[in-house]
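Work through the exercises below with the sequence and the structure at hand. Try each task before reading its solution.

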Amino acid sequence: LLAQYVSFIKTIALRLDENTIQFFFNKVQGQFPLYTQAIRYFNHRENMIRIAVRTLSLTIYRMGDPDVIDFVIQPDRAAYFENMVKDTARGFARLHTFLNSFEGATLLSKLDTAVEDTLDQVFYIRDVADVTTTTQVADTISPICSLIIGHIVHWIAIRVCAASLINPKSHEIETLDTLEASGTRKLSLDAKNALVVMSGNTQGSPGPVTAIT
């Protein structure tokens, strides 16, 4: 039933345009159930459901409607982008764990599955960045891209990549939430400062790219 529901809303999303979106998006009341209900299943165990959610979200982002973009980057909805990147970071962390505990053919099937799932997530993040960038004015960073960049630096570059270099044999990297490897706090601060410079936010205001906790 869930798969049929997601396929149904994906079909609707594929028919959205600047004229029909008004029937699903309520700007005044801040409601967009077509989007908010679907993204709840972004990491569902069923691949078909994950694909449907990605298709739906990409279709909505590609429209580039300013009101819709403003809606999806609000704090209670923007968590989706962090969860998206965090889920990818967990994929990299699982690969790290598999490689450090490799015991031959017994783990090959798990490793293949982990690689495939992680690559799917990476390609999805790339697609989100691509479709949101094409709707922007030249030489500007879209608000969604700005959010994603910040989360990639924090969850992938710092919490996984840097931590794995500091402690290559650590199996705690997969937990992410409890990972506090020595040195990652300073690296995270340096990355935040770099993002402030790249975004031109020299006043230190809490713009999207600096909102990394």
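**Exercise 1: the nonpolar core**

Task: find which residues touch the most other members of the largest nonpolar core.

Solution. The largest nonpolar core has 40 residues, and those that touch the most other members are Phe32, Tyr35, Tyr61, Tyr80 and Phe81. Next, look at where the core comes from: α1 (2-14), α2 (33-36), α3, α4 (66-72), α5, α6 and α7 (143-166) each give two or more residues. Of these, α3 has the largest share, with 7 residues. Setting aside neighbours within four places in sequence, Phe32 contacts Ile21, Phe24, Phe25, Ile60, Val68 and Phe71. The model is predicted.

**Exercise 2: the chain as a whole**

Task: state how many helices and strands the protein chain has, and what percentage of its residues is buried.

Solution. The protein chain has 8 helices and 0 strands. Of its 213 residues, 41% are buried, that is, under 20% relative accessible area. Now turn to contacts with a separation of 6 or more: 65% of them join residues 24 or more positions apart.

**Exercise 3: the largest pocket**

Solution. The pocket is lined by 15 residues, and Asp87, Arg94, Asp117, Thr118 and Gln121 are the closest to its centre. Two or more lining residues come from each of α3 (47-63), α5 (75-100) and α6 (108-133). The most come from α6, which gives 6 residues. By type, the lining holds 2 nonpolar, 6 polar and 7 charged residues.

Methods
Residues are numbered from 1 along each chain as its sequence is written. This is a predicted model: local features need pLDDT of at least 70, side-chain atom pairs count only at pLDDT 80 or more; totals for chains, interfaces and linings use all residues. Side-chain values use heavy atoms; hydrogens and water are left out. On a 1 Å grid over the protein atoms alone, a cavity is a set of points where a 1.4 Å probe fits but cannot get out, and a pocket is an open set with protein on both sides within 12 Å along at least five of seven lines; lining residues have an atom within 4 Å of a point. Helices (H or I, at least four residues) and strands (E, at least two) are DSSP runs, numbered from the N terminus. Ala, Val, Leu, Ile, Met, Phe, Trp, Tyr, Cys and Pro count as nonpolar, Asp, Glu, Lys and Arg as charged, and the others, Gly among them, as polar. A nonpolar core is a set of buried Ala, Val, Leu, Ile, Met, Phe, Trp, Tyr and Cys residues joined through side-chain atoms within 4.5 Å. Buried means under 20% relative accessible area, exposed over 50%, partly exposed in between (1.4 Å probe, protein chains only). Contact means heavy atoms within 4.5 Å.
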